[in-house]
Structures are given as structure tokens and as C-alpha cells.
Amino acid sequence: MTNNWVDIKNANVVLVMGGNPAEAHPCGFKWVVEAKAHNKAQLIVVDPRFTRTAAVADVFAQIRPGSDIAFLGGVIRHLLEKDAIQKDYVTSYTNAAFIVKEGYGFEDGLFSGYDEAKHAYDKSSWSYEMGADGFAKIDPTLQDPRCVYQLMKRHYARYTPKMVADVTGVPEGTFQRICEAIASTSAPDRTLTSLYALGWTQHSVGAQNIRTMGMIQLLLGNVGMPGGGVNALRGHSNIQGLTDLGLLSDLLPGYMTVPREADGDVETYLAKRTQKPIRPNQMSYWQNYPKFYVSFMKAWWGKAATKENGWAYDYLPKLDKVYDLLAVFDLMYEGKVNGYVCQGFNPLASAPNKAKLLEGLSKLKFLVSIDPLVTETSNFWQNHGDLNPVDPSKIQTEVFRLPSSCFAEEEGSLVNSGRWLQWHWKAAEPPGEGKGDPEIMAAIFNRIRTLYAKEGGAFPDPIRDLTWDYKIPDRPSAEELAREFNGKALADVPDPKDPKAPPLAKAGDQLATFAHLQDDGSTASGCWIFCGSFTQAGNQMARRDTADPSGLGVTPGWGWSWPANRRVLYNRASADPSGKPWDPKRKLVWWNGAKWVGHDVPDFKVDSKPEEGMSPFIMNPEGVGRLFALDKMAEGPFPEHYEPFESPIGANPLHPKVGPNPAARLYAKDKAQLGLPGEFPYAATTYRVVEHFHFWTKHARIPAVLQPELFIELDEALAAKKGIRSGDAVAVRSKRGRIVGKAVVTKRIKPLKIAGQEVHTVGIPIHWGFDGLTKPGYISNTLTPFVGDANTQTPEFKAFLVDVEKAAAGKV
């Protein structure tokens with residue numbers, strides 16, 4: 001989230017698209033209710049189904065799965081055509097005025113530089129025109145035909161209300177009404193907040209779905225504002241924290257990146273990531289990357305990380321490619337993976353194309369499952385009839401189950417969607433042989449290190465030298481880990497403004513802020529963005545002060561928010577270029593004549609005078625928000641509507657020659673597993689219900705009673721056509737497999753008119769499997785395609801093709 005849960009109450013318009021918070025985030029949804037009740041906020045919901053969130057909306061629009069960018073592109077066209085943008089904000093705080101160099105173009109669905117053989121782009125033309133002074137050229141009048149503003153107007157001119165209706169199924173009148181409500185927040189005293197979740201991420205254009213909304217919020221002047229922003233609703237209580245700590249295969253903690261094979265030495269690695277400003281007087285905070293990197297390496301390898309060895313640079317892996325979920329399971333399917341450690345994860349139920357996953361798991365030599373509950377993955381080798389038709393005698397994979405603890409059986413911090421680190425305390429001991437995850441991992445690590453010490457190895461140094469100075473080596477405490485993530489001074493840290501002044505931190509002290517990190521080896525921090533969470537003053541995450549002097553829900557004494565306890569990112573943009581808040585009633589930060597102050601921690605250089613011209617988006621080298629993404633996205637600098645890889649209409653109405661995302665990765669065998677609308681005529685989408693949490697709560701009796709069995713949602717017209725009534729057994733079939741569930745014939749989904757044809761949407765919830773207290777059910781991801789977003793590789797669970805038919809009685 002750019003903002004936070006409580007801040008939703010400050011919005012004038014709430015757009016829920018790509019999520020269903022009333023069911024998936026019911027506790028957080030209360031802040032939407034607050035906004036409606038006390039701020040007279042208008043709630044708009046755009047979704048393939050009439051959800052429980054839609055039930056309390058002021059405006060609802062049913063959209064075809066996978067057509068979000070067509071809808072949002074139409075909103076951009078409306079804002080630009082009607083001049084319904086916050087012009088001063090756009091000119092000063094975005095790259096609208098930046099001139100794109102000659103050679104950039106877009107034609108027939110493809111941007112300049114496309115290589116069809118590689119399914120990838122040469123992105124060199126997606127860049128700014130640079131001046132002789134080394135700075136990007138701009139046109140503050142926004143009239144240059146190659147400035148971002150003009151390029152954007154031309155790009156989205158095709159997204160007319162009629163085109164939006166033809167592609168998405170949203171009637172023109174409803175679309176115009178939504179556009180007008182969104183446009184109303186271009187006024188400086190009105191804001192819109194965007195709430196999204198897996199309904200946007202789980203598409204082959206998922207990252208661009210989100211970026212399109214970011215562009216809209218920049219045009220409206222809503223980024224950095226109270227009640228504004230682009231706000232991800234994370235699917236687990238701590239998935240934000242996992243991402244922050246480098247869960248993905250190409251990340252290090254704090255959103256640093258793992259070196260690539262081309263980064264032959266530490267100098268090359270740092271040079272690529274230490275971004276210098278490309279406009280006068282800008283900050284470009286990633287200039288500090290060496291400080292973050294060196295402090296991280298000192299936290300991990302201590303004295304073994306020296307200036308002479310590049311701070312143990314050779315200890316880091318050098319990636320030849322990204323080893324995301326789909327890539328690893330494809331390698332497993334090809335028989336190229338020996339073992340898989342599966343921690344807090346149930347991929348047989350959570351990943352696409354169950355048949356492929358089963359074949360891959362069956363080729364492993366060993367599988368380790370670390371989980372508090374039994375999972376379908378750990379029992380993949382068991383035959384459960386039609387639900388899991390495997391022959392155990394032909395599966396040689398050895399499975400190790402290591403029981404771990406549940407969240408209430410451990411101490412530590414959780415990082416919520418709003419970046420708040422909140423400490424919690426253990427309520428009970430885990431039952432039986434259950435242990436905490438750190439204890440399990442510590443035991444494995446220490447045994448491996450002992451083996452290396454005894455037997456040697458090709459390169460034991462990273463394991464041998466890893467810092468492991470916990471009081472009980474086999475049981476690191478949550479507090480010890482939290483202190484390590486925060487970081488400490490390894491030597492006195494002098495004040496650069498006054499070397500004679502007391503040091504900013506004394507040797508051995510916990511650091512107060514990442515601003516004190518150094519690149520000379522005198523500081524250590526396991527995750528720079530968490531620096532300040534556990535200081536010399538104690539555990540800031542455990543604070544529970546509800547005081548809110550602003551009335552905006554800032555509560556700086558409750559828990560701790562990264563970075564620097566800041567509650568709204570880019571909050572300098574809540575004030576105009578002169579330093580005055582755009583909306584005096586919602587003052588967040590402002591210039592007091594000497595420095596930046598406010599109710600929140602200013603996301604800015606506190607002594608930078610407004611007349612110096614530093615812009616609010618300090619993480620970017622140009623200092624502004626990007627309407628034009630440069631080379632940062634796989635499929636283009638502007639989001640473009642591409643069809644799902646399985647589309648019910650076949651050709652893309654915007655450019656028939658280019659249907660799905662041209663830069664997405666699709667393995668050859670998976671391409672052969674894609675269905676066509678002739679055989680699989682209906683759009684399908686997966687979702688969650690409020691009574692269950694993923695695949696956990698089917699093990700709990702009360703949720704299992706509330707939602708006991710798999711069901712399939714069908715619209716009334718499709719059900720009538722197929723002779724299906726509520727309660728009937730219905731079979732749903734894709735190119736990859738077949739499931740059977742109980743039919744729910746509903747008014748919540750209606751047929752849509754798309755490109756002149758009728759399109760039906762089938763709704764499939766995800767929570768069931770062959771283990772648990774619910775009635776055993778089919779795994780929904782039996783049906784889904786093995787293809788993901790071109791940037792993140794998040795699988796396309798939300799838009800694929802199926803056929804449905806009435807199943808024989810008793811076959812559910």
C-alpha cells in the first residue's frame with residue numbers, strides 16, 4: 001500500500017477493482033464503511049461477479065475477466081479528453097513533460113523493439129531524450145508531440161466508451177458514470193483510493209493492471225494524499241513482510257536485487273543499481289544502494305565481509321534467470337529437480353495445472369513439507385479416487401513432514417498491507433512435535449554447517465562464515481532476529497555535518513534510522529527498510545499508542561511503519577510546489593519556512609526548500625512519478641489491453657494480430673495445453689469466500705460446517721441452456737482437467753455482450769481439496785493454465801476457458 005488501512009476513511013471515492021475486501025479482508029473493510037458513513041464517500045465496485053462488496057456499493061459494473069486494462073485505459077482517455085486532471089500536480093510531479101527519444105513507437109499492438117523469436121523487447125527506444133548536460137529534456141507546456149503527455153493521449157485515444165463496452169461488457173452509460181465519479185477527485189480537495197488484490201495480480205498482464213491505476217492516480221493528483229494512493233490488499237497477514245525480506249528468487253531484503261551472471265564484480269553490480277539523478281536538484285535515493293548493500297552483507301557475514309572481497313560479493317548467487325514458482329515446477333516436470341523444500345505453502349492446491357504439478361512432484365527424490373497442518377502437497381502421493389487419481393506404487397519421492405507452529409503459537413512481528421510492523425506475543429505452545437519455523441530452519445542449517453566442517457565441499461565459505469551469534473544457536477528468538485533486521489553500529493558512526501559532535505550511533509548500539517547506514521563496513525542491517533523498528537530505545541513494533549493528533553488516522557505511536565515510521569508514501573506530494581497542502585483540511589506534511597514538518601514523517605529531504613525544485617518521488621532518478629514507465633515493464637511503457645491466454649472471443653478487438661501479452665513466458669508444452677473457445681466456450685475465474693481462508697480453514701470444524709463443499713456459480717441463462725438447477729452436480733472441464741462441484745445458479749453473474757457475442761462467466765471458489773474436515777473436493781487449480789504475468793510470473797488464475805455440463809447424479 002502507498003497509504004494504509006485506516007487512511008481509507010479519508011477518501012471521497014473508493015474504487016474496488018481486482019478485489020473483494022468485504023469477504024477477503026472483512027476487518028479492513030470497516031474503513032470503507034467509515035468512509036461511506038462519515039465522509040459520504042462513493043463506493044464503486046468493478047468485478048466479474050456481484051460480490052458482497054458490490055452489495056453495499058453505490059455503483060457496480062460487471063466486467064469480463066481479463067479486460068481490466070481496457071476499462072482503465074478508457075478512464076485515462078476520459079480524464080485526458082475532458083481535461084479532468086490536476087494539472088499543476090501532473091506538470092510538477094509526473095513525467096508528463098518529459099520528452100521521449102526518437103525511435104519509440106506503438107503499432108498494431110506492439111511497441112518498438114519487439115523480437116518475435118524471443119517474445120521479448122529491445123527496450124532501448126523506451127527512454128528519455130537526454131541533453132548535453134546529462135539531464136532528461138522536458139517541455140513544461142506539454143505541447144511537444146514526443147512528450148509523455150502527448151504520447152499518452154495518442155495511445156489511449158482508441159479506448160472510446162464504445163470500445164470499452166465491446167471489450168469489457170460494461171454498458172457505456174455505466175462506464176461514463178464511473179468515469180465522472182473518478183474524475184471528480186481531480187479537485188485538490190477530493191481524493192480517490194484504489195483497493196485491489198489478487199483479482200488484478202493473477203493475470204498475464206497483472207502488473208500492468210496495477211500500473212494503469214497508478215497512472216490514473218497520478219493524473220488525478222491522488223498519490224501521496226490522505227485518502228488516496230494505490231493500495232494492495234495482501235492475501236496473508238504477513239505476505240507483505242515476506243516480500244520485504246526478499247521472498248522472491250531474484251530479491252534480497254529491502255527490495256535489493258540478487259546479482260545476475262552479467263554482474264561479474266561488485267563494482268558492476270553496484271554501478272547498475274546506484275541511480276544518479278537525471279534532472280537538476282533531485283535526490284534519487286537509490287544513490288544510497290551501496291550503504292544498504294554493505295550493511296546487509298555485514299549483517300549476514302560479519303567479519304568475513306571486507307572491502308577487499310567486495311563485502312563477500314562472491315558469497316551471493318549469480319542468477320542466469322529468475323527461478324519463480326512456474327520456472328521451478330517446469331524444471332521439476334522435466335525431471336531436473338532432485339529435492340524441494342516447501343515451507344508454509346501448498347503448491348498442489350495453490351499453483352496452476354494440477355496434473356503437471358503431480359507429475360513434477362512424482363519425479364523428485366525428496367520433498368520436505370514444513371507446515372502446521374497436513375497439506376495436499378505433502379500427501380500428493382496418496383490415491384483419493386477421482387480427486388487425486390495417482391498410483392502410489394509408481395511414486396518414489398520420499399516425503400518428510402516437519403510440523404511447524406501456527407501464528408498464535410509464536411512471537412514476532414507481522415507486516416500488514418499498510419507496511420505496519422506490529423508485534424504479537426505467543427498465546428500457546430504448538431502441539432505434539434510442532435516447532436517454530438526459525439527453530440526448524442536453525443536445526444537444518446547447523447547440521448549442514450557441521451557436515452561442511454567435517455567433510456569440506458566445493459565452496460563451503462558462505463555456509464561456514466554466516467553470522468550465527470544467537471544465544472541458543474538452534475533456537476534464534478524473534479527478538480534476536482528483529483534486532484538483526486534493524487541493524488546496529490559496528491563502530492562509532494560520526495555525524496557528517498559536525499565530526500566533533502557526539503556520534504549518531506555508538507559501537508554496539510541499535511541504529512535509529514537507515515539514514516545512519518554506512519558503506520564502509522561500520523554498520524550492519526539485515527533489511528534496510530526495517531531499520532528503526534527495533535532501536536536502542538526498544539521494540540518500536542510493540543508500541544500501542546492510539547493517539548491521532550491529525551484526525552487522519554496517522555497514529556505514529558502504534559506499531560512501526562516502514563520506511564522510517566512513515567504512514568503515507570510520497571507524502572511530499574500532498575503539498576503543492578510551494579509547500580502548502582493541496583487540501584488544508586487534510587494536512588499531512590508542509591514546509592514551515594525552515595523545514596518540512598507534519599503529522600506524518602515527511603518522505604523528503606527535510607531541509608530542501610521548495611524553491612530548490614526537488615520533486616516528491618525521491619526513489620526515482622527523475623524525481624517524479626512515471627506515467628511512461630521507461631524500460632521497467634516487460635510488455636511496454638504504457639499499459640495496453642491484451643487478451644487472456646485463453647479468451648472466449650478469440651481475436652483482440654484492439655489489434656487482431658496481437659492477442660495475449662506478447663512478452664509473457666509460455667513453455668512449449670503448456671502452449672499445447674491452452675484451450676480454444678470452440679471447445680471451451682465459457683470464461684472462468686477463481687475466487688475466495690468469507691467463510692474460508694485459503695486452504696487452512698477446511699481443517700477447522702466451524703468454517704467446514706459453514707462452507708462444507710465445493711460449488712460452482714453459473715448464471716441463470718447458462719444454467720437453463722445446460723439444464724442445470726441449483727444443487728445439481730456440475731462438471732467443469734478445461735484443456736488441462738475436470739472437476740465436479742455443486743451448482744449454484746445465481747443472479748450475481750450475468751451474460752455479457754462482448755464484441756458482438758454473448759459471453760458467460762463461470763465462478764469457481766478455491767478452498768477445497770482431499771484433506772481436511774470439509775467434504776473432500778476437487779482442487780480448483782486442476783483447471784487453470786500454466787502461464788503467468790510477464791513481470792512477476794504470477795499465474796493467470798483469474799481468466800481462462802472452460803466448458804460445463806450436468807454431471808451424473810451422486811458424482812460430486
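Q: How many salt bridges are there between domain 1 and domain 3?
A: A salt bridge is a side-chain nitrogen of Lys or Arg within 4 Å of a carboxyl oxygen of Asp or Glu. Between domain 1 and domain 3 the count is two. Arginine 49 pairs with glutamate 713 in a salt bridge, with 3.0 Å between the closest N and O atoms. This is a predicted model: local features need pLDDT of at least 70, side-chain atom pairs count only at pLDDT 80 or more, and totals for chains, interfaces and linings use all residues. Residues are numbered from 1 along each chain as its sequence is written, and side-chain values use heavy atoms, leaving out hydrogens and water.

Q: Where do the domain bounds come from?
A: They come from an automatic or database domain assignment. Here the chain is divided into domain 1 (6–235), domain 2 (325–413 + 430–448) and domain 3 (668–806).

Q: What area is buried between domain 1 and domain 3?
A: The size of an interface is often given as the accessible area lost when the parts come together. Buried area is that loss for two parts, summed over both, with a 1.4 Å probe. For domain 1 and domain 3 it is about 2,200 Å², and carbon and sulfur atoms give 56% of this. Arg49, Gln62 and Gln202 supply 29% of the area that domain 1 buries against domain 3, more than any other three residues.

Q: How many residues are in contact across domain 1 and domain 3?
A: Contact means heavy atoms within 4.5 Å. By this rule, 27 residues of domain 1 are in contact with 29 residues of domain 3.
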